[in-house]
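Student: Could you walk me through this model, one question at a time?

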2 protein chains.
Amino acid sequence: MTNAALPTLPAAVEILDTTLRDGLQIEKTIVPTGSKIRLGRALAAAGLKHLEVGAFVNPKKVPQMADTAEVLAGLQPLEAEGVELYTLVFNRKGAQRAADAGARNVKLVISASEGHSKANSDSSIAQASERLLEAVDELRSHGIRYDIATAVSFYCPFDGVTDVDSLIEILRTFTTAGARGIGLADTVGNSNPGLVSRTTAAVLAEFPEHPVNLHLHDTYNFGMANVFAALILGITSFDAAMGGLGGCPFAPGAAGNIGTDDLVHLLHKEGIETGVDVEQLAAVRDPLSEAVGHGLTSSLSSIPAVPSAVVRGAA
Amino acid sequence: MTNAALPTLPAAVEILDTTLRDGLQIEKTIVPTGSKIRLGRALAAAGLKHLEVGAFVNPKKVPQMADTAEVLAGLQPLEAEGVELYTLVFNRKGAQRAADAGARNVKLVISASEGHSKANSDSSIAQASERLLEAVDELRSHGIRYDIATAVSFYCPFDGVTDVDSLIEILRTFTTAGARGIGLADTVGNSNPGLVSRTTAAVLAEFPEHPVNLHLHDTYNFGMANVFAALILGITSFDAAMGGLGGCPFAPGAAGNIGTDDLVHLLHKEGIETGVDVEQLAAVRDPLSEAVGHGLTSSLSSIPAVPSAVVRGAA
């Protein structure tokens, strides 16, 4: 056993912070628009250059996301500073709303399993796909960039391990239709590193020209192990929500996203650059916790990181 | 990127359950001897073949471990069923007590950093090493097998990253003195997968004939990532404590061990055999929680695993 066997990790990683979208979408408290905008600005001030700020979905079904256009408007000045703002879209109407709101980056979301598609959107994958392709027409006519993201990409609580060939077929439909990036979501957080590795490697092999982002949850304490497995494969883009907020309302047993704070902690310990200022990021924790009205679940929410003076090594 | 890049993991892993030792040593409640013995039997009944059941340390300083000889006596009938019982020893007196108690397997423990050695035992590494070598004399004269385990093997909260050459020197002293296995502990749980990989790979290269066990804590949600990094290197022995109990009383910021339940969950998801019956293991959670008087912290303590029917995949 020599050091040659040690995995090589990327030098830098981009974090797409989804606090304002996945972090808030299942909260009982509907966080006011002004608070969301302040939180978004604070996340950007901490160095996060990619923020997912809402979803253009039915406001009656997901009232937490009803103000997505207003949140986007409030944060758009950050685009001049190089911050990219993302919103989710599931159909033509959502695409129209995104266009009206001046969105530049959209994530098209579809389930990779029939069971989750049915539970999440009461549709088959084919029906959901058809609606998304209508959204694509709309986005294209406005010159809006779009990524394709698949829920339950690795494992589905209803259908078990997600079939990789079906997943690739879904992704192919949308890369052919002009999607730029690919997002693979472990929506319920019940994937393990080996499974994440196998599926992600297969997707990377099929789509060498498309950046692949991973969206991981921490239901069973496997979140950081899944990140590590993905880093070994060269993945350089991860979703995360501050403090580990979040979860999927239409999937049983789902827990929070991997924490943006915990992810940054891991990446920095691995010597991987994120551009994030740890102290400014930590300062977002209290106002966020106050906004949702309860404590956060990331490990750094309860245990402070070892001070940097110690990290560097004492004499 | 092809599947050839995917890491290969071991087919089977041995878990050394340290619930009765590391799990209980910092609990405020002193769990009665009878309860410890019942818990140990339940863990063995769940298929755990390696149990760390106590420490022969100063009962005034660590009253939770004062009954180690009695606990060992109560569990020794399990040895006929192939269960190996471990206890910790730090000096000649501890070795004598272990011998008197009929111990067959002992872990000699020493800090790998001067800062932790001072805090943990008010001694330099050289002084602690001298005491351990006296213990070795005693153990040898009784034909007791012993492993050498180093605390803060990767990272020390006082001294920072542990020097690998110093670590290897310490380990060499005891393998030369007849230690069979090597245990590397992330005592405070602030190691990251890359660090665990580098140090473990160096130790494996130096000691190809000695089985290497890893003892990991889950302070920053990195526990399972560290397990995965170690599995990639071929490590097949891990310590864990049921429900994620435990911590080090002499190290700031230490949180619980990785949960035996969470570890088994990860390993089984990876298709790695442990010999553990998941349902019988889960049945230990309630009596353990009752014995310590509070809830447990492993993820499975609060979120049930996906039922196996679903894990196998629906139609």
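Predicted model: local features only at pLDDT ≥ 70, side-chain atom pairs only at ≥ 80, totals over all residues.

Student: How much area do chain B and chain A bury between them?
Tutor: Let's start with who takes part: 46 residues come from chain B and 47 residues from chain A. Carbon and sulfur atoms account for 63% of the buried area. The total for chain B and chain A is about 4000 Å².

Student: How many salt bridges are counted between chain B and chain A?
Tutor: Polar contacts do occur across this interface, where 14 residue pairs are found. For salt bridges, the count between chain B and chain A is zero.

Student: Which element gives the most residues to the side of chain B that touches chain A?
Tutor: Several elements of chain B give two or more residues to that side, among them β6 (155-156), α9 (223-232) and α10 (260-269). The residues on this side of chain B divide into 28 nonpolar, twelve polar and six charged. With seven residues, the element that gives the most is α8(B).

Student: Why do the copies meet through the same surface?
Tutor: Compare the interface residues of the two chains. Those of chain B are also interface residues in chain A, so the copies meet through the same surface. The share of chain B's interface residues for which this holds is 100%.

Student: Is B:N226 buried or exposed?
Tutor: B:N226 is found in helix α9 of chain B. Apart from neighbours within four places in sequence, B:N226 is in contact with residues including B:D186, B:P193 and B:L216. Its relative accessibility is 0%, and the cut-off for buried is under 20%, so B:N226 counts as buried.

Student: How many residues apart in sequence are the parts that A:D67 and A:K36 tie together?
Tutor: A:D67 forms a salt bridge with A:K36, with the closest N and O atoms 2.6 Å apart. A:D67 lies in the loop between β2 (50-56) and α3 (68-75) of chain A, while A:K36 lies in helix α2 (residues 33-45), so the pair ties together parts whose separation in sequence is 31 residues.

Student: What relative accessible area does B:K36 have?
Tutor: In chain B, B:D67 forms a salt bridge with B:K36, and their closest N and O atoms are 2.7 Å apart. B:D67 is buried, with a relative accessible area of 13%. B:K36 is buried too, and its relative accessible area is 2%.

Student: Which residue forms a salt bridge with B:R104?
Tutor: B:R104 sits in the loop between α4 (92-100) and β4 (105-111) of chain B, and its partner is in the loop between α3 and β3 (84-89), 25 residues apart. The closest N and O atoms of the pair are 3.3 Å apart.

Definitions and conventions. Residues numbered from 1 in each chain as written. Chains lettered and ligands numbered in written order. Heavy atoms only, no water. Contact = heavy atoms within 4.5 Å. Buried area = accessible area lost by both parts, 1.4 Å probe. Salt bridge = Lys/Arg side-chain N within 4 Å of Asp/Glu carboxyl O. Polar contact = N/O pair within 3.5 Å; in protein donor to acceptor, adjacent residues only side chain to side chain. Helix = DSSP H or I, 4+ residues; strand = E, 2+ residues; numbered from the N terminus. Nonpolar A, V, L, I, M, F, W, Y, C, P; charged D, E, K, R; others polar. Buried < 20%, exposed > 50% of the residue type's maximum accessible area, 1.4 Å probe, protein only.
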